[in-house]
Each structure stands twice: as C-alpha cells, then as structure tokens.
There are 2 protein chains.
Amino acid sequence: MPQVSIKDIARMLNISVATVSRALHDRYDVNPETKRKVLELADRLNYRPSSHAIGLLKKRTHTIGLVVPEIDNQFFSEIINGLENVAYQQGYNVMIFQSQNIYEREVKIIDQLIGARVDGVAISIGSSTQDFRHLNMLKDLDIPLAMFDRANDQVYGHKIINDNFEGGYKAGEFLIKSGRQRIAHIAGPSTLKLTRLRMQGFKAALRDAQMELRPEYLVHTTFRMEDSHQTALNLLNLPEPPDAIFAVSDYVALGVLKAARELNLHIPAELALIGFTNLAVGPLLEPPLTTISQQSYEMGQETARILLENIESPNKDFKLQTRIFKPELVVRNSV
Amino acid sequence: MPQVSIKDIARMLNISVATVSRALHDRYDVNPETKRKVLELADRLNYRPSSHAIGLLKKRTHTIGLVVPEIDNQFFSEIINGLENVAYQQGYNVMIFQSQNIYEREVKIIDQLIGARVDGVAISIGSSTQDFRHLNMLKDLDIPLAMFDRANDQVYGHKIINDNFEGGYKAGEFLIKSGRQRIAHIAGPSTLKLTRLRMQGFKAALRDAQMELRPEYLVHTTFRMEDSHQTALNLLNLPEPPDAIFAVSDYVALGVLKAARELNLHIPAELALIGFTNLAVGPLLEPPLTTISQQSYEMGQETARILLENIESPNKDFKLQTRIFKPELVVRNSV
DNA sequence: AAAAAGTATGTAAACGTTTACGGAACTTTT
DNA sequence: AAAAGTTCCGTAAACGTTTACATACTTTTT
C-alpha cells in the first residue's frame, strides 16, 4: 500500500483534514476521542508528514546544505560531523553533497540547494572553481552562506578558516630549526588561496632565516595521493635531492612517505617530512608523522554555529564573520 | 530579494503561469518571443524551480536515501562514492545520513526519508539496532530497500554483502599456514551478523587445522580505535600473549598496531597481524598491513544498481536480490 | 430567558508547479 | 466563403499540509 496522506485519514474517519491536522499536532481544541482515533489510524497506516508539503507552505525548511569537495577525506568527514552535531542539536537537518572539485558539479549542487529552499549553505569551495557567481547568487536570494577551510574573498559569506600563512611559517621554521639545509615544499593547486598562503608562510620562514628556496624545490600537485606520490618521486630523484619536505597536507605527505619507502630513503635520517591537517592515522605511520594540526571537528562546529546564528537572526543585516583557527605544530618523529 | 516563483514571473510579464511553465520547459506551443522574455527574466531573477512543489505534484522524487553508521570511515565513504556515481549517472540524487550506530537516530532518519518521499533507501544497519520494524515499514509503503555490508535476515530488502565467513576463514588459514601457534581474534560487536560470520569462518579454519581457540584469545570490541587499542593491550598483556591476531577490521588492526608499538612488540616477528577491509592507508603503515579486502566502491555501485533497477522496474514484484562479494587475501608484511 | 463563553469541527486559501482541456485568433484548404 | 487546421495561451485542478476564520452546538453566566 502506498503512502498515506492526511486526506486519506480524514476520509476514512469521515472528518475534515483540518481536524486530522489538529489531532496530529495535539492541539487543545480537538475532542479526545477524535484525537485518539486519528492517532491510532495514523500509526496503523505509518503516516509520515510530507516534508514537501510542509516545505512548500512554510517559509523555513530547517535544512542546511553542506558542500564538500570530497567525502572520502578524513578532514572533511570530521568537519561534517562537527557541523551536523551542532545543527541537529538546534533542530536542523543537513543535506550533504560532494563537488568532487568539479566546477560544473558545484554549480549544479548550488542550484539544487536553492531549489530545495535550504535555509543556509556551508561550502568548502572546489579547487577548480574560478567563477563565483553561483555562490554570490545566494546573497541575492537572501540565503546565508558560510565558507569553511577553502574560502574566497570574491564571495560574500562568512569564513571559517585556518591561519594558513602561520601554519606554513611554523612548518618551515621547524624544519630550519632541525638543521635541514635543502628544504622543499610540495604545494597544492595554485588556484586555492590556502595553498598560496601556506607557501607564502613557508617562504617567509626561509627568508627570515636567510635561506633561499631553490626553484626546483617548489612543486605543485593535487591532493590526490597518486599525484603527490609521483611528484615526490620526481623531487627525490633530483640530482641534488632535498633533505626535508613540507607537504601541503597529510594526504600529500602520505605520497611522499610512499615514495621515500620505494627509494629506500630513511625518514627522518635522510629526509625530514612534515605534513598539514593532523589526520588520525598520522601517529600510526612509521615514522609517526610530524604535522601542523587543523581542528577539523571544531571548524565544523563553528561553521554551523555562525551559519545558524545568521539564519535565526531576525535582523537582516547580520554581519559577515571571519573565524580564524590557529594551526599548531604537532611534533612526532618524521623530522 | 527573496526567491522568485513561476507566479511572480507570470505576473511581471502579464501572462499565465501555464505559459511560463511551458516556456521554461521549452515546449513547442509557445511563441518564441514569449519564450525569450520568460527565459530572460527567469535568468535575471535567478529562478530555480522548487523541488518541494515538484515533489508534491509528481509521484517520483528521483532521490534515494542513504544511511551509513558513520561517514568518518573510509570504508563507508568509498561506498558512498560508488553509490552516488551510479545514481547520478541515472539522474538520481542521494541524501546522505549518519546513524552514528544509534538506534533512535536510525529510526528518525527513516521517518525523515519517508517524509521526504524518497524513491528508495540504501542502508548499512547500525550496530545497536535490534528492532527492525522501522525498516520493514518501508516494504509496507512500497519503498524499495537495499542493505549493504550490514544486512539482517529479518528485514525485507536486497542484500549487498561480503562473504564474511570465507573472509574469516581465509584470515585464519593464512595465519595458520604462516606457522603461528597462539592465534587470537578481536571480534566486533556480537550484535552484528558480519562479526559473527567472520568469527565463525575463523574458528572453522582453526578447527580444520585441528587447532583449538583458547577462550581468552577471543575478545570483542567496537570499531572505535580507542576501544580496540585498549582491547589489544589487554590481549597482549596476557601471561601467555598470542603470537598472531586476526582483527575484525582494519580500524581495529590500527588499534592493535598502536598497542604493539607501545609494548615494543615487533610486527611480524613477534606478532602477526591481519585486518579486514583493505583501507587505503594499509600499504603505508609500518609494516604494511596484511588484510582481507572488501570492494567498497564496487559494493556501492552494485547497491545503487540493484536499488535503481527495483525503483524503475514497472512490475511491482521485483524479486529480492542478494549479491555476495568474495573477499580476497591481500598479503603485505604484517604476517 | 437572553447573552456570553466555551468546545469541537468544517471551509477555504495558500504554498509552487504541471498538465489536461478548451478556446480564440489566425492561416490554409476546399 | 465555409471548413479544417494551426498556433498560442489561459483556466483550473491536483499534490499534502497548515491555519485564519466561520459555524454550530453546548454550557455557563447574568
């Protein structure tokens, strides 16, 4: 038997839909006997209210849309958890989407979220996104937007990000202090601001130590491990290979680790390695990975808090917020 | 400016909503000039059709609901990817939810999915779920259901699972062949059939080799690493500790690895370790983890295929399907 | 005994969209 | 010049739910 509506129940009991609706909502002005009958029948028929009907009628859907580049990445899945928990506590649902870093998908997802009339959107912008009209459209439609981890200045929205410059600086500084001479950096896609900032912080650390960065020691890669693995191999096969690598993320560091193992390079003796993110597997690697930590779960929570505050704020001119998380050096044994 | 509807466009152009709708759908029977005006205005106002209105009107929502215990788990996130890709190719959307292995959440999620009128549901049942009425309700409502990885015989739905008995057997067999004598098993929550089957397969392997399993060598844990870490410590601190451990999953194996490192036990010399899942980090661990592989991505694809075939099948009596994936031994260096 | 208050229910509109049906205004065919 | 066909558009109902308003009946108050 297909799904049953309030109308069906009304017909079966020979009463009006209004009464059924009132009974289901436990309103004061409905006969206890009628209420009993309605609730009993509704239960027996597995009645569940149509969220479409309600969404259509009410202005609010109590749903927020969440867009991540990929779900298959511990950093993002932890953010999802933090965000979801805060949202649920406040009675909001979360619709999760992956852009796979594909611009067209991202645009489509935003269209869908608008179509679904979500109350707000949280996004970590995909690395191939260069045109931000789809995101700025949200402002025109009065839909609050929060960007986490990967934000962009051209977009009107809250920002929940890391101090990537400082993170990069700390990584560089630590490698220098450990006495390394030939320090390389495997950076991420140069379209991402986060990538550029980590790189700039890293360069600043070298500069402050009066060390120069050889051009061949600065390379770019994607966050996919296969790519970073190949990039690391190239780097380590240079005539004069580096004795330290700062990887733009732990995932990239994993690629380096793999490459080093293939080349029988000992870490940290022959090669120092530092990552960025602080994945849960870090301590279990051999050697345990030194890294710069990002508080992913907390970032998710904070994103939800800011977004919900905006959504629930009665006055339209809720100010744009920027929350910057401080990255911390996590010393293990890979340096 | 808030979101605009077809009615607003109609009013602005002094035409009827029907004409606007036709224009937006590029119907043949609308004046090219009218069509142009409608499209132009719709674009200028960022019009996006309300999925609620459409969902209400049409019987089908082209959405499938996906429920996983946790997203923060590579096994599940790969399944999500496989499922989503197939679904998208066929024009379906996926709504992702996490039960966190909490029964009440799972029930609530199912209620929500029914309310959202999804065309089908894919679920990996949470480990605390003992009452299956919420799932069998879906059959009453004619909503196709597919269970992946964690299925239950009391539930009416398709099954996409592993041959866990065989997986357990292979793990046991391999440890025996490698010459280990004191073989232990860290099993998962005993409520899960998957756990029981792996354990039974493992026991069968021992039996076939005329080896006995000491009671203290069979322990249970959850899939959370902190738990498995403690469980492993207990096991390895026995007066006569095991010389081999079959962990019910790679995540649990990570806990063992951590414990072994703390106790300065060398793997594989002093302790052989075999996991189950074949996580991507496996090869990067030290030593690289020997494991039983599950084809997570393919399982996700297959789940989507079966579910969609059911959804699109015109005859109501689409038969229940069971697809069993064969686990493979992946030999690395931890044994 | 009339007025007021309370109780239980029904009516109808609204949310945004699609679509079957019908009709007016043309154009073409005979 | 009537008949037939074509082109373009409007009307209205339907989907499921909520809620302001109306209504009818009963009970209480004066």
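**Reading the DNA surface and the fold**

User: What makes up the surface near DNA strand D, by class?

Analyst: That surface has 15 nonpolar, seven polar and three charged residues. Ala, Val, Leu, Ile, Met, Phe, Trp, Tyr, Cys and Pro count as nonpolar, Asp, Glu, Lys and Arg as charged, and the others, Gly among them, as polar. Happy to set the ground rules too: this is a predicted model, where local features need pLDDT of at least 70 and side-chain atom pairs count only at pLDDT 80 or more, while totals for chains, interfaces and linings use all residues. Residues are numbered from 1 along each chain as its sequence is written, with chains lettered from A and ligands numbered from 1 in the order in which they are written.

User: Which residues come nearest to DNA strand D?

Analyst: A residue is near a strand if its C-beta atom, placed from the backbone, lies within 6 Å of it. Of the 25 residues around DNA strand D, the nearest are A:Ile6, A:Ala18, A:Ala53, B:Ala18 and B:Asn31. Helix 2 of chain A gives the most, five residues; helices here are DSSP runs (H or I, at least four residues), numbered from the N terminus.

User: Why is chain A called more spread out than a compact globule?

Analyst: Its radius of gyration, taken over C-alpha atoms, is set against a globule rule of 2.2 Å times the number of residues to the power 0.38. The rule gives 20 Å for 335 residues, and chain A comes to 26 Å, well over that, so it is more spread out than a compact globule. Its C-alpha trace spans about 85 × 40 × 30 Å along the principal axes.

Terms used:
Helices (H or I, at least four residues) and strands (E, at least two) are DSSP runs, numbered from the N terminus.
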